[in-house]
Amino acid sequence: MADTTVSIIALLRDARGWNQTELAKEANMSQAVVSRLETHSLELTEDRVHALAEALQCPPGLLRADPSVTGLSISCLHHRRRSSTMTVRTMRRVEAVTHLTRLSLEGLLTGLDPQPQRSLQRDPIALDGNARAVAQRLRERWGLGDGPLPNMVEVVESAGIIVVRRPLSTPGQDAVSTWPEDRSRFPMMLVSDGLPADRQRFTIAHELGHLLMHDAPGPEQEAQANTFASELLAPADTVRPDLEGLRTGDFRRLLLLKEKWGMSISALIRRAFDLELITDRQYREFNMRLGQLGWRKSEPGDVAAENPTTVTRILDIHQHVRHLSVAEIADLAGMTEPAFRRHYLGESPQPEALVPLTMGAPLHD
C-alpha cells in the first residue's frame, strides 16, 4: 500500500479526537475555513497559524514548516479484541497518534545513526501460509535458541524496531505497528501503556508477526499473528513436554509455567489446545474455570516487567552528549515543551530531568 500525503492539521485534530467543527470552535474560526486549510485551498496566514497552534497545543513552527506530511502504510489497525469496541473516531485517533509519534521520533533521530544488532527482514506470508514456520526461521536467524525469551522488548529493539508505550484511550487496541515502504524509515510499535507484562510480551510478539508477514489487509492476519507469537514465545517442540498431561485442576503448574515462559495462563491453555494436548472439552472447562476464578481480566503470577530503552537512550544522547536543553529536544520532536515532558518524561518531570538507562545497541551521532 503506497504512502499517502496527509494534512498535519488533520492529524493533530484527529489525535485530540476532534472533528472539524470542534477544532473550528477552539480556534475561533469557521468549519469551512478549517476544511479549506486541511485541503491546502486556503492560505495559512500567521493569525491562523497561532490560532490553530494554541487550540492544538503544538508549536507554530510545525504548522508553518510542513502543512502536509507523508503518511504511513498502516494496512490496518491490528486488534486482539473485537473491532466493534472501537468507533470510527477512536480508530482515527489511534492512527493519528501513531503518525505523530513517528514524526516525533524521526525528528529525535536527526543526526543519529542507529546500529541494530540484528537484521530485520520481511518474510511475507499468503492467506494459507505457515506463520509457525516464519517464527521458527526468525528464531534461527536471530540466534534465539529454542527456550523462553527473557525479554521480548529487548529482542525487537535489537533489530531496530522502536517501541513506544503510550495511552491509546481505548480497551479495543493493544498496539499498532508500522513499517513504511521506504525502508530507510524505521519500523515502530506503539503499545498501549498499562498492559500486564504477560499481555505486553504477547502483544509485541504479535505485532512483530505483522511487521514481518503482512503488507496488506487480509482476513487471516490476526490468526496468523497469534500463531506466530505463540510459536515465537513458546516453540512447540520445547514447550510440549511442559504442557503434556495438563489437567483442568493444574493451575499451580500453570502458574509456574507462566513465570517460565512469560505467557498468561490463558495463552498457555490455548497453546496446549493448539498443540492438541488437551481436548475441546478440557479447553472449555479451563476457560469456564478462569471465569469462575475471575482471572480473565487479571491473573495471578509473576512475569517480569519489560521497558523499552531505545527512546531513553536517544534522549540521553541529546542531553548528555549534545548538551541540548529539554526545550531544544522538544523542538526536534516537533512538540511543545509541556507536551514533550508529559509524553516522554512523565506527567510531573523535574526541569532538565532526563534519566539515562543502561546503553544497549549503539547509537552513533
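Let's start with a pair of helices. Helix H13 covers residues 265–274, and helix H14 covers residues 280–293. They pack at an angle of about 175°, with their axes 10 Å apart. Angles over 145 degrees count as roughly antiparallel, so H13 and H14 are roughly antiparallel to each other. Keep in mind that this is a predicted model.

Which residues make the contact? From H13 come Ile 265, Ser 266, Ile 269, Arg 270 and Phe 273. From H14 come Asp 280, Tyr 283, Phe 286 and Leu 290. By class, that contact has 6 nonpolar, 1 polar and 2 charged residues.

Now look at the spacing along a helix. An α-helix has 3.6 residues a turn, so residues three or four places apart point the same way.

H13 has another partner, helix H12, residues 251–261. Here the packing angle is about 100°, and the axes are 9 Å apart. That makes H12 roughly perpendicular to H13. On the H12 side we have Phe 251, Leu 254, Leu 255, Leu 257 and Lys 258. They meet Ile 265, Leu 268 and Ile 269 of H13. This contact of H12 with H13 divides into 7 nonpolar residues, no polar ones and 1 charged.

Let's step back to the whole protein. It has 17 helices and 7 strands. Of its 365 residues, 49% are buried. Take the contacts between residues at least 6 apart in sequence: 73% of them join residues at least 24 apart.

Next, the cores. The largest nonpolar core has 54 residues. Which of them touch the most other members? They are Met 152, Met 189, Leu 208, Phe 228 and Leu 232. Helix H9, residues 197–213, gives the most to this core, with 7 residues.

Stay with Phe 228 for a moment. Set aside its neighbours within four places in sequence. Phe 228 is then in contact with Ala 131, Val 134, Ala 135 and Leu 138, among others. Its contacts also include Ala 205, Leu 208, Gly 209, Leu 212 and Met 213.

Last stop, helix H1, residues 8–15. Is H1 mostly covered or mostly open? Mostly covered: 8 of its 8 residues are buried. Arg 13 and Asp 14 are among the buried ones. At the start of H1, a side-chain oxygen of Ser 7 reaches to within 3.2 Å of the backbone nitrogen of Ile 9. Just after H1, Gly 17 takes a positive phi of about 80°.

Definitions and conventions. Residues are numbered from 1 along each chain as its sequence is written. This is a predicted model: local features need pLDDT of at least 70, side-chain atom pairs count only at pLDDT 80 or more; totals for chains, interfaces and linings use all residues. Side-chain values use heavy atoms; hydrogens and water are left out. Axes are lines fitted to C-alpha atoms, for helices over the stretch in contact, and angles run from 0 to 180 degrees between N-to-C directions. Helices (H or I, at least four residues) and strands (E, at least two) are DSSP runs, numbered from the N terminus. Angles under 35 degrees count as roughly parallel, over 145 as roughly antiparallel, 65 to 115 as roughly perpendicular and the rest as oblique. Contact means heavy atoms within 4.5 Å. Ala, Val, Leu, Ile, Met, Phe, Trp, Tyr, Cys and Pro count as nonpolar, Asp, Glu, Lys and Arg as charged, and the others, Gly among them, as polar. A nonpolar core is a set of buried Ala, Val, Leu, Ile, Met, Phe, Trp, Tyr and Cys residues joined through side-chain atoms within 4.5 Å. Buried means under 20% relative accessible area, exposed over 50%, partly exposed in between (1.4 Å probe, protein chains only). A polar contact is a pair of N or O atoms within 3.5 Å; within protein, one must be able to donate a hydrogen and the other to accept it, and residues adjacent in sequence count only if both atoms are side-chain atoms.
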